[in-house]
Amino acid sequence: MEVSLVAKGSVPEDAILSVRAGTIRRQAAVSSGRSFRFPKSAMKENPLKVDILQQIGTAYLVLKPGEEQYKLKFAADLNCEVGVRQLADGEEVTADAGEKKTESTAGSAKEAKDYLESHQVLQFVQAVLQTVIKDKPADPWGYIANHFLSGYEPGEKRTPVEKAASTDKPAAKPVDLEKLQEQVPKAEEPKEEAPKEEAPKEEAPK
């Protein structure tokens, strides 16, 4: 059996369409235009239950090795705690063929790079990873967390730092050339020397 949305009508674009046949549920975003396939046994399940779901929050869970419990914080003061455990051999669940769909990225690679660079996230994270590789701490997670807190412990007060006095020099006043010329003494003009009188030449005897 296949169920598909022919026309969304007045349903919002960001809503989620959920269809349940007995114990089997399929759901997807209304804007995806995706069809829902059910096994033949679902034909006996009548009626089908159809729900319109509205997304009220989104959060990302970054899995940390060895951690089994996390707290998720959403917008509008929404939060919850979830547990994550590794399944044992034989417990692995295969994904349904209709659910294998990659999530579209929120923006282009350039937009993501511009965002990270504008907040200097890449530079900071790369520097922290470099120090982890160099120091090789026994507790890398605590070491990284310490750098994220600028070296302080959680709740530790920082020593207040007095602002240094301004070292800016006052701007120089413009020079008044006319007044400067009046203050400089004028050099005396050299006096003209009187022409020297030449002595009469003696005549040679004849």
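Biologist: What should I know before we start?
Modeller: This is a predicted model, where local features need pLDDT of at least 70, side-chain atom pairs count only at pLDDT 80 or more, and totals for chains, interfaces and linings use all residues. Residues are numbered from 1 along each chain as its sequence is written, and side-chain values use heavy atoms, with hydrogens and water left out.

Biologist: How many helices and strands are there in the protein, and how do you know what counts as one?
Modeller: There are four helices and seven strands. Reading along the sequence gives β-β-β-β-β-β-β-α-α-α-α.

Biologist: How do you know which strands pair in the open sheet?
Modeller: Two strands pair if DSSP finds at least two bridges between them. Strand β2 (residues 15–21) and β3 are joined by six bridges and run antiparallel, so they pass the test of at least two. The whole open sheet has three strands in the order β3-β2-β5, with antiparallel pairing.

Biologist: What makes β3 and β5 edge strands?
Modeller: β3 (24–29) and β5 (49–54) each pair on one side only. From one strand to the next, the twist averages 20°; such angles use lines fitted to C-alpha atoms (for helices, over the stretch in contact) and run from 0 to 180 degrees between N-to-C directions.

Biologist: Which residue takes a positive phi in the hairpin of β2 and β3?
Modeller: That's Gly 22, with a phi near 70°, in a hairpin that has two residues between its strands.

Biologist: And how do you know that β6 and β7 pair?
Modeller: They share five bridges in the antiparallel sense, with β7 covering residues 79–83. The pairing rule asks for at least two, so β6 and β7 qualify. Lys 73 stands opposite Asn 79 in β7. This hairpin has five residues between its strands, and Ala 76 in the turn has a positive phi of about 60°.

Biologist: Which residues of β6 are on the covered face and which on the uncovered one?
Modeller: In β6 (residues 69–73), Tyr 70 and Leu 72 make the covered face, while Gln 69, Lys 71 and Lys 73 make the uncovered one.

Biologist: What makes up the largest nonpolar core?
Modeller: Nine residues: Ala 15, Leu 17, Val 19, Ala 21, Ala 28, Val 30, Phe 36, Phe 38 and Ala 42. β2 gives the most, with four residues. To be called a core, a set must be buried Ala, Val, Leu, Ile, Met, Phe, Trp, Tyr and Cys residues joined through side-chain atoms within 4.5 Å. Ala 42 is also in contact (heavy atoms within 4.5 Å) with Met 1 and Ala 21, leaving aside neighbours within four places in sequence.

Biologist: Why is Lys 110 called exposed, but Asp 114 partly exposed?
Modeller: Buried means under 20% relative accessible area, exposed over 50%, and partly exposed in between (1.4 Å probe, protein chains only). Lys 110 is at 61%, so it counts as exposed. Asp 114 has 36%, so it is partly exposed. Across the protein, buried residues make up 9% of the 206 residues.

Biologist: Why is the contact of Lys 110 with Asp 114 called a salt bridge?
Modeller: A salt bridge needs a side-chain nitrogen of Lys or Arg within 4 Å of a carboxyl oxygen of Asp or Glu. Here the closest N and O atoms are 2.9 Å apart, so the pair qualifies. Both residues lie in helix α1 (residues 109–118), four residues apart, about one turn of the helix.

Biologist: How many salt bridges does a search of the whole structure find?
Modeller: Four. One of them joins Asp 51 and Arg 25, at 3.6 Å. That pair links distant parts of the chain, Asp 51 in strand β5 and Arg 25 in strand β3, 26 residues apart. Arg 25 has a relative accessible area of 34%, so it is partly exposed.

Biologist: What makes Glu 13 and Lys 8 a salt bridge?
Modeller: Their side chains meet at 3.7 Å, N to O, and the limit is 4 Å, so they pass. Glu 13, at 43%, counts as partly exposed, and so does Lys 8, at 33%.
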